[in-house]
Amino acid sequence: MESDGQRSVSLRLNRRGGDYRSNNDNNQTPSNNSKDGGGFFSAGKLPSDYPVKIIWKRGFVRLVLVAGILWMLLILAVLSFHVWSCQSSSVFFSVICNKESKVYNFLNTWGFVPQQHRCPIPVIGNPERIVIPEGRTHDQIVKNISYVMEDEDGSQSSPLFGGRQSWKQREKSFNLSSSMKVHCGFMHNGGADMDLVDIEYVKNCRFVVASGIFDGYDVPHQPSNISERSRKLFCFLMVVDEISLDFIKENVTVREDHNRGRWVGIWRLILLKHSPYDEPRRNGKVPKILTHRLFPQAQYSIWIDGKMELLVDPLQILERYLWRGKNTFAIAQHKHHRSIYDEADANKRRKRYARPLIDLHMKIYYYEGMESWSPKKSSVSDVPEGAIIIREHTAMSNLFSCLWFNEVNLFTPRDQLSFGYVVYRLGGAFRFFMFPNCEYNSLFVLHPHTREHSSKVEWVKSISEFKGNGSSMKESRGGLGLWTPYPGDLSSVVLPKVARTSKAG
């Protein structure tokens, strides 16, 4: 039996041992937790701050989700505002909008920009308040441009208005330099001659609104909403051939001033004698594309097709499309097509020119690297609405017009097929503003032709139809590149598939 002293010593030892074990257990807890994986998922005793950490983690995840949602909503709001500002009639908001930006192009390409037939044009309300820029815009690349006036091949054939440009000369014309000499129509004795009285008149024209009527398809339509300032500032010049002049005299009143100038309302009639081409459509491209050659003193020009009645003051047009964005060339986007191959298909379906010649034209372009339009391209579209062209006649703008005309002269007269190709060949050096089609439709009222244009060549479906008696359908003074052997092998060229996005094509 134990004495009382021994019992008390034993109890003290047991207490110390228990304390020792407790201390050991406490010291071993971290190592056990680490073996079990530690943290919140250990099988051991949970830390006292465990609920706080769980709440903090869940709160952080929710915060990230809410922030992400708010960020996406903010982006959508900004994009919506961008689209809205681009369609606003307010000058203030239209200045904010950048329709040439990649963001707007992306939204427009994927159908996020509503397509309207007509939309308000954000012009300055009072033309009297418009400030006209001083001086001229200076180009950085092309400084001087001169023109080939006579062919250098020694040909004894009758002169051609567009000249006999060789394939090598054509290729060289796309190589930019500070000083360039190119074909640009108006070859010596090639036709399209103006009366001396008209040559003297246009020498005083710095601001020009130009239009044209050929083969008697229209009569001049008087523009509306023209301010008194614009009436004094602009020359309104209607270019006509001899057939159209006779037709106009029979249908509307033509007055003659003391200098023998002919007038229909505000329009001064400018007669082009000796039509340079067999095809009236091709004749119409002379004043349309080569405005700077017809009216060399002009600094600014606005071209409108002869079937149009202008509704907007020309000063407002120049401010909206050139001066506001510091542009030198502006043209509208086509309503239906962005790819020249889609437009070519539409031209064939609507019988705008011989189908096999349109195909040949497009094969040459595709062989030379002209791809179908895609959002990766820097331009809004490769296909314009060419019925309205707004220009400052700078060296680069004039060069582009010359190169564009040379393509029209060499191949088919469908200028919408050549525009994007010339832009492509200049490799981004030519900058222009392609404005929305809905604004284009708000600039004018479209009047029907007095009669439908038609020629035999437009109905040709096979190249064999040009043989034998059909050889008379070949143009003798234009489109000669379609009949000149091409220096490349086009036999294996397969044109890209087209997307028929409209009734027209």
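Strand β4, residues 207-213, pairs with β9 in the parallel sense, over four bridges. Pairing here requires at least two DSSP bridges between two strands, and helices (H or I, at least four residues) and strands (E, at least two) are DSSP runs numbered from the N terminus. In this pairing Ala-210 stands opposite Trp-303 of β9. On the antiparallel side, β9 pairs with strand β12, residues 384-392, over five bridges.

Before going on, the conditions. This is a predicted model, in which local features need pLDDT of at least 70 and side-chain atom pairs count only at pLDDT 80 or more, while totals for chains, interfaces and linings use all residues. Residues are numbered from 1 along each chain as its sequence is written, and side-chain values use heavy atoms, with hydrogens and water left out.

Staying with β9, residues 300-304: five of the five residues are buried, so the strand is largely enclosed by the rest of the structure. Buried means under 20% relative accessible area, exposed means over 50%, and partly exposed is in between, with a 1.4 Å probe and protein chains only. In a regular strand, side chains alternate between the two faces of the sheet. In β9, Tyr-300, Ile-302 and Ile-304 point one way, and Ser-301 and Trp-303 point the other way.

For the chain as a whole, there are 17 helices and 14 strands. Of the 505 residues, 50% are buried. Among contacts (heavy atoms within 4.5 Å) with a separation of 6 or more, 82% are between residues 24 or more positions apart.

Two helices next. Helix α16, residues 415-425, has ten of its eleven residues buried, so it is largely enclosed by the rest of the structure. The buried residues include Asp-415, Phe-419, Tyr-421 and Arg-425. After α16 comes Gly-427, with a positive phi near 60°.

Helix α13 is mostly covered, with nine of its ten residues buried. Among them are Asp-342, Glu-343, Asp-345 and Lys-348. The cover over the buried residues of α13 includes α14, residues 355-367, and α16. At the start of α13, a side-chain oxygen of Ser-339 comes to within 3.2 Å of the backbone nitrogen of Tyr-341. Just after the helix, Lys-351 has a positive phi of about 55°.

Now the largest pocket: which residues are closest to its centre? The pocket holds about 1,400 Å³ of space. It has 46 lining residues, and those closest to the centre are Arg-281, Asp-305, Lys-307, Arg-414 and His-449. On terms, the search uses a 1 Å grid over the protein atoms alone, and a pocket is an open set of points where a 1.4 Å probe fits, with protein on both sides within 12 Å along at least five of seven lines; lining residues have an atom within 4 Å of a point. Volume is the space filled by probe spheres set on the points, which are joined across faces, edges and corners.

Several elements, including β4, α13, β12 and α16, each supply at least two residues of the lining. The largest share, three residues, comes from β12. The lining divides into 14 nonpolar, 15 polar and 17 charged residues. Here Ala, Val, Leu, Ile, Met, Phe, Trp, Tyr, Cys and Pro count as nonpolar, Asp, Glu, Lys and Arg as charged, and the others, Gly among them, as polar.

Asn-409 lies in helix α15, residues 395-410, and is buried, at 9% relative accessible area. Beyond residues up to four places away in sequence, Asn-409 touches Gly-162, Tyr-277, Arg-282 and Arg-477, among others.

Ser-455 sits in the segment after β14 and counts as buried, at 17% relative accessibility. Its side chain makes a polar contact with the side chain of Glu-279, at 3.5 Å. A polar contact is a pair of N or O atoms within 3.5 Å; within protein, one must be able to donate a hydrogen and the other to accept it, and residues adjacent in sequence count only if both atoms are side-chain atoms.

Leaving aside neighbours within four places in sequence, Thr-450 is in contact with Gly-216, Tyr-217, Asp-218 and Phe-247. The side chain of Thr-450 reaches the backbone oxygen of Gly-216 at 3.3 Å. Thr-450 and Val-219 are 231 residues apart in sequence, and 8.0 Å apart in space, C-alpha to C-alpha.
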